[in-house]
Structure formats: structure tokens, C-alpha cells
Amino acid sequence: MFPDRVVSGMRPTGLMHLGHYHGALKNWIRLQSELPCLFFVADWHALTTHYEEPGVIEKNTWDMVVDWLAAGVDPSQATLFIQSRVPEHAELHLLLSMATPLGWLERVPTYKDHIENLAGRDLATYGFLGYPLLQAADVLIYRATQVPVGEDQVPHVEMMREIARRFNGLYGKEPGFERKALDAVKKLGSKRARLYAELRSAWHQEGDAAALEQAEAMLDEAGSLSNIDRERLFGYLKGSGKIILVEPDVELTRAARLPGLDGRKMSKSYGNAISLREDPAAVTKKIRTMPTDPARVHRSDPGDPLKCPVWQLHEVVSDAATRKWVMQGCTSAGIGCLDCKQPVVEAVLAEQEPMHERAQQYLDDPSLVRAIVADGCDKARKLAQETMRDVRETMGLSHLS
Ligand code: TRP
Ligand code: SF4
């Protein structure tokens, strides 16, 4: 009933590394050619934890956008924008906050974790508690149907769905909703109307999810309906009233996690990262000096790839034949560690070469990046304003329109 749309954001942490590429960015690049996508720099989110050091946000934002472009995010396919340039996100956040129970925010699993992990920062703030709600506003304002996120963010998307459902339940009941819905049922024609009634009661009384799906598919195809009536019938079917905000689905980022140079998660703060556009000589050196299986002290000692961080890189960047060669060569002491690292060096450099090339034009002319983002902000803002018109209306705030 609402078209497919993908929305995802990233905090402006500055230069991206290969972990970001093999995690989130590759997924974005796949999705951009399949569905309409909106990707944004979550600069307000950066402030929820780093409000004391706002100075780096701007530089980090542009560095990150150049990296997105370098990695292959394509502005002719996806819309790229900056959260704070679409202030409607804040308006929706405020309006959603009125009816969001505190307990929902306090129970988000990342809340307590983060407060502990980021000890040293005072995160007993209103903004930090509310950031999953801000994230909900980021997505709901575009009526996104899919949100590509990693495992850690799944509870946030779950909460977005609850927020949307609650909003529709509270505000989606226009006066006379039931009567209008029943009128719309008649417009389906008698055969479909009967089927609709049967499927609706199977869903309401037996929780038959297949019936719900079948009814939704039927509504999608019913050409005789106006959009408003279709919306009412979807609402009446689900028991939620009119659907104003869409419940998005998780599009789980299943990409292999690329570990850092020491085998831990790749992260700038661990100093174990290879940045996306790192100079080839530095990349080569970093890989050649990586630690290996600690039991393999001499070239003649057999090793165990499963105890070696280099192997974890092979698992992401090498083909099956190379991995087999590593397995056999390492466990039999047939190859040395530098031999083993060479294909990793080559694969990483090959992967980075087009990134350097794509980045160059943007480094030569930063106004290109600004133009891409300005255009993306305009597009995003138009969509956000459409949703806000409906939200204001249903909340009794359309005074002058
Ligand atoms: N919270 C996300 C992160 O820390 C970033 C983010 C903000 C986001 N708003 C979003 C991700 C909306 C997906 C959808 O990485
Ligand atoms: Fe690691 Fe390769 Fe050396 Fe084995 S040969 S210990 S997998 S670097």
C-alpha cells in the first residue's frame, strides 16, 4: 500500500574503514539498485553521545560522504542527505515523544550497555535516552518499508514498529472511521467484499496471518479503490484504524564481519583498522606486520588458521581455492606467513583501487559532494513534508493549512 522504500543512517565517525565497507556499505550498494533508497548522515545522533565535542562533526560528515561515494554508493540511484538539514525529523521526534512510554526507551537493550561502555561521558541525558525515538522518527518520516541495520540495531527497529502501531492506534481513527471503512468494503464489489470479511475475521478471531496476507494482497490489486479507501481498508483489516505511519521491516545486514588487524572487531579506536582510501604502501605494511597464529614461531612450525587473524581476512576477501591453499600450506608448514598474507594484500588493494579512483574527482572538486548532498536534502525534505502534513492533520495541528 505504501511503496517500498529503504532508509538507513550512519553516524559521522569520519573516515570509513573496510569493516564499514564489508558490513553496511556493501549492503547499501546492493539495495540501491533494487529499491528506492535514502541514506543519511546521522549528525544529531552523533551529538547524543558527543555533545561536548561538536567541532569534528562537520569534517567527519564530508569525509564520510566522500567514502560512501568512493565505495560505490551512487547518487543517481540513492538519495544522500544530512539529518539536520531535514528538520522535520525533529518535529516528528517531538510529536512522537508525547505518547512514548518512558519504559520503552529504558528497556532498549543498547541503552544500559552504552551507558556502561561509554563511561567517562555523562550520558544521563534526555537526548541520549531519546535517541532510539529519534531513530524511529528518521525512518517513520519516510514511511520506509525496510531498514538495513546490523544485529545490534534490531531492537530499535522493533521499537519503531511499536511506535508506528501506537501512533496509528491513537490517531488513525478518523471520526466515523468504522462507517467509512464499511462503505469502502462495499466499493470492493460483492465477491471481494465477502472475501475481505472472511479473511478479516480469520485474522481477528484466529490470528491467521496467512489470511491477513491474502487480504492485503487483494487490496493491493483492487483497482476500483481510491487510495484513501484502500488505506482505510488496510486499517480496518488490521484493527488499527487508518495507517499514517508505516511499520518498517528489518533488512538484516548479514555481511561477513571483517575483523581488524588483530582479530578483534575492526574499529578506529582499537587502532586495528584499514581505512577505505588508505595509501597502498601503508595497507601492505599493515597486513605484512599482522600478528599470526602465536604458536607458529618458526617457519617450520605448522600453524592453525583458526587461531590466526589473517585467516579471518582470507575468509572475507579470498576465493575458495586460495583458502584451501592456506589451510593446507599453514597446517603442513608448506607456506610461510608472508606467502600467506600476499593474496590478502592483493585482494585488499584490488578492492580499494576503484575507491581511490572514484574519490579523486570529489577530492579535486568538493563542490560536487555538496551539490549531491544539497540535492538529496531537497528530495528527502519533500518526502518528509508529505508525511508531516498527514501527521499534523491527525494530531489536530494543521491550523493554517
Ligand atoms: N543509530 C544508528 C547507528 O548508531 C544510526 C542511525 C540513526 C540509523 N538513524 C537511523 C540507522 C535510522 C538506521 C535507520 O549506527
Ligand atoms: Fe596465519 Fe597464514 Fe601464517 Fe597460518 S600461514 S599462521 S593462516 S598467516
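Apart from neighbours within four places in sequence, R161 is in contact with E247, P248 and D249, contact meaning heavy atoms within 4.5 Å. R161 belongs to helix 9 (residues 154–171); helices (H or I, at least four residues) and strands (E, at least two) are DSSP runs, numbered from the N terminus.

The model is predicted, so local features need pLDDT of at least 70 and side-chain atom pairs count only at pLDDT 80 or more, whereas totals for chains, interfaces and linings use all residues. Residues are numbered from 1 along each chain as its sequence is written, chains are lettered from A and ligands numbered from 1 in the order in which they are written, and side-chain values use heavy atoms, with hydrogens and water left out.

The chain contains 18 helices and 5 strands. Taken along the principal axes, the C-alpha atoms fill a box of roughly 80 × 45 × 40 Å. Of the 401 residues, 48% are buried; buried means under 20% relative accessible area, exposed over 50%, and partly exposed in between (1.4 Å probe, protein chains only). Among contacts with a separation of 6 or more, 78% join residues 24 or more positions apart.

Three domains are assigned: domain 1 (6–172 + 249–256 + 366–400), domain 2 (177–238) and domain 3 (277–364). These bounds come from an automatic or database domain assignment. The C-alpha centres of domain 1 and domain 2 are separated by 33 Å.

The largest nonpolar core has 91 residues, of which L25, F39, W68, L96 and Y142 touch the most other members. A nonpolar core is a set of buried Ala, Val, Leu, Ile, Met, Phe, Trp, Tyr and Cys residues joined through side-chain atoms within 4.5 Å. Both domain 1 (6–172 + 249–256 + 366–400) and domain 3 (277–364) give residues to this core, so the core lies between them. Another core, apart from this one, has 21 residues, including V185, A215, L233 and F234.

Beyond four places in sequence, F39 touches V6, S8, W28, Q32, W68, V73, A78, T79, L80 and F81. T79 is part of strand 3 (residues 79–82) and is buried, at 13% relative accessibility. With residues up to four places away again not counted, T79 touches C37, L38, F39, G376, K379 and A380.

Side chains of opposite charge can pair when their charged atoms come close. The structure holds 19 salt bridges, each a side-chain nitrogen of Lys or Arg within 4 Å of a carboxyl oxygen of Asp or Glu. One of them joins R381 to E88, with the closest N and O atoms 3.0 Å apart. R381 is in helix 18 (residues 366–394) and E88 in helix 4 (residues 88–97), so this pair ties together parts that are 293 residues apart in sequence. R381 is partly exposed, at 32% relative accessibility, whereas E88 is buried, with a relative accessible area of 6%.

A salt bridge also joins R232 and D229, whose closest N and O atoms are 3.1 Å apart. These two residues are 3 residues apart in helix 13, and about one helical turn separates them. R232 is buried at 12% relative accessibility, and D229 is buried with a relative accessible area of 6%.

D262 and R264 form a further salt bridge (3.1 Å, N to O). D262 is partly exposed, at 31% relative accessible area, and R264 is partly exposed at 42%.

R230 lies in helix 13 (residues 227–238). R230 is buried but has no salt bridge, and the nearest side chain of opposite charge, D220, is 5.6 Å away. For this assignment Lys and Arg count as positive and Asp and Glu as negative, while His and the chain ends are not counted. A polar atom of the R230 side chain lies 3.1 Å from the backbone oxygen of A222. Not counting residues up to four places away in sequence, R230 touches M1, L219, D220, A222 and L225.

Definitions and conventions. Polar contact = N/O pair within 3.5 Å; in protein donor to acceptor, adjacent residues only side chain to side chain.
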